[in-house]
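Here are my notes for you, written as numbered points. Have the structure open while you read.

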Amino acid sequence: MKVDNFPGLEDVFLDYRVEELLKCFMPLTGWKHHLELMIKLLKNPNQQYRCELNDKEDLMSLEEFAKKSNSNVKRAYSSYKRKVKSSNLLTFEQFVEKKFNGVVESYNLYVEDKKMSAAGMTMEQFVKQRFSYIGGRLNLFMKALYTHLPTSMISFKVVKKMFIALDLLKSLETLLRNSKFKQDFHQCEDGKSLQSILSSLSRSISLPWITSKVGISMFCIEKACLVFCTASSSSKLHTQEGEKFRFVVIDEAAQLRECESAIPLQLPGLQHAVLIGDERQLPALVKSKIAEKAEFGRSLFERLVLLGKERHMLNIQYRMHPSISKFPSEEFYNKQLADASIVKSTSYNKQFLKGKMYGSYSFINISRGKEQSNHDHSLKNIAEAAAVSQIIQSLRKECLTRRKKVSIGIISPYNGQVHEIQKTIKQYISDSDPNFSVSVRSVDDFQGGEEDIIIISTVRSNGVGNIGFLSNRQRTNVALTRARYCLWILGNASTLMNRNSVWRELDEKLAQAIENSLWDLDLDSLEAPFKKLSLWDNSNTASTSFRLVSNMGSYEIESLLLMPGKNRE
């Protein structure tokens with residue numbers, strides 16, 4: 001996931017929070033420093049102007065600034081000198097630039113601030129410049145504090161004052177910019193109100209003297225009432241003193257190995273643990289056959305279920321159209337899965353493409369496709385990839401014509417097919433189009449995800465009914481439960497039905513409501529991609545049969561003759 005594509009998402013990550021708070025905490029360039037500057041400017045701008053004119057203080061070097069603003073820098077450099085040979089030794093300033101980016105950024109702000117000398121300025125120029133600069137810094141600091149400071153350190157009442165202060169800063173800057181300057185501008189109603197609120201904020205917010213990222217990180221965790229993390233990174237919480245955590249909630253617990261669950265469950269002071277998961281979907285990935293045989297991938301969630309531990313089932317699903325949820329409910333959840341009212345409403349009956357073929361639940365039989373290995377020994381099926389490409393092309397055209405927003409997920413159990421489809425549909429998708437998103441992933445990578453339309457490419461096509469790990473019920477359950485409105489399955493029905501697997505059950509369930517009829521498939525649209533991908537192998541012709549089975553009926557077209565280099569009769 002690209003965090004940059006989702007504005008505001010970075011706010012929840014600790015590293016970003018630490019970066020923003022570090023700017024506020026710095027003693028010479030942070031929140032407190034600029035707050036005091038603005039209060040002094042509002043109290044007596046004339047006095048501040050004279051002080052600036054008489055300021056003879058020399059500009060500090062980076063070394064002087066670092067030692068004065070961050071006591072950790074000096075200790076870190078002393079430790080570094082003891083470990084490194086003198087011939088390769090960095091200077092103090094080089095060390096700071098390499099290891100303490102926050103200090104360097106603060107120093108640059110300090111230099112920028114010092115360059116704003118009042119020399120050569122009129123009173124009016126000085127006030128306008130200083131108010132704009134300091135107000136801009138306070139604007140950034142206040143937003144950082146009310147967004148990132150732990151709620152135990154800043155009350156809602158204080159946050160409301162910040163919003164008022166931000167409005168007053170904007171109002172006064174507009175006044176200074178557009179009105180004739182008056183030396184007693186600070187005595188206006190907004191000026192007095194701003195001075196009062198800033199003084200109140202100075203008393204209300206007491207920031208700790210912490211100038212290192214590690215220190216701020218520990219401070220945030222210590223003061224937080226909610227911590228979101230992975231199971232493995234919860235090990236960092238063991239460094240906190242005292243019995244801070246009483247509750248732990250482990251999401252996707254059925255996909256977590258027992259040893260991984262043990263990490264958060266050993267937090268001191270823990271009183272309650274809630275495990276949320278579904279053991280009927282994919283467990284943790286275990287590549288070693290020996291480890292798999294030893295059930296190393298088994299989750300604590302699954303073990304507790306096997307031991308008869310009472311569990312509570314969330315039996316209402318809010319994602320899938322009822323025709324999609326029907327089979328998983330019957331096959332995997334003993335008919336206990338119920339549909340929420342929202343998925344049963346007419347608004348959930350979406351038709352993204354014309355024709356019954358593109359209803360909410362369809363199985364498209366591609367009987368003459370060929371499974372083959374790629375360079376990584378993973379399987380692919382070029383015929384199915386071509387069919388997927390044609391569907392994506394049609395969906396994109398329809399989306400652009402009707403200006404519909406749609407998200408599409410293409411799932412295959414084999415990475416070889418994932419790569420083949422990605423290559424085939426590349427021309428039809430663009431990262432810059434927010435209304436037409438296409439994600440191509442393996443079943444394992446799609447667990448936990450959902451899209452408006454899901455297209456499944458099953459790949460397997462052979463005469464002996466060998467379907468490999470397609471027979472895994474957990475993997476099939478994941479694949480069949482990702483769609484909101486439409487689920488279209490592509491595969492070779494004879495291969496999938498040749499073994500006593502869940503896929504045979506799927507085809508039989510769908511066949512119960514079949515009404516025989518014919519659907520006229522547009523061969524012209526299919527011929528081009530099939531020719532392009534050279535499906536004919538060593539022969540001159542290829543006969544491809546498509547059979548659509550859906551909750552609406554069965555549609556069959558037998559022996560469609562695709563002839564390379566020749567026009568269709």
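1. Is E63 buried, partly exposed or exposed? E63 is partly exposed, at a relative accessible area of 30% (buried means under 20%, exposed over 50%, partly exposed in between, with a 1.4 Å probe and protein chains only).

2. A quick word on what you're looking at: this is a predicted model, where local features need pLDDT of at least 70, side-chain atom pairs count only at pLDDT 80 or more, and totals for chains, interfaces and linings use all residues. Residues are numbered from 1 along each chain as its sequence is written, and side-chain values use heavy atoms, leaving out hydrogens and water.

3. Overall, the chain has 23 helices and 14 strands (DSSP runs numbered from the N terminus: helices are H or I, at least four residues, and strands are E, at least two). Of its 569 residues, 45% are buried.

4. Back to E63: its salt bridge partner is K67, with the closest N and O atoms 2.9 Å apart (a salt bridge puts a side-chain nitrogen of Lys or Arg within 4 Å of a carboxyl oxygen of Asp or Glu). Both sit in helix α4 (residues 62-69), four residues apart, about one turn of the helix. K67 is partly exposed too, at 39%.

5. Now try D452 and R484, whose side chains meet in a salt bridge at 2.6 Å, N to O. This pair links distant parts of the chain: D452 is in strand β10 (residues 451-457) and R484 in strand β11 (residues 483-491), 32 residues apart. Both D452 and R484 are buried. Shared partners join R319, E450, D452 and R484 into one salt-bridge network.
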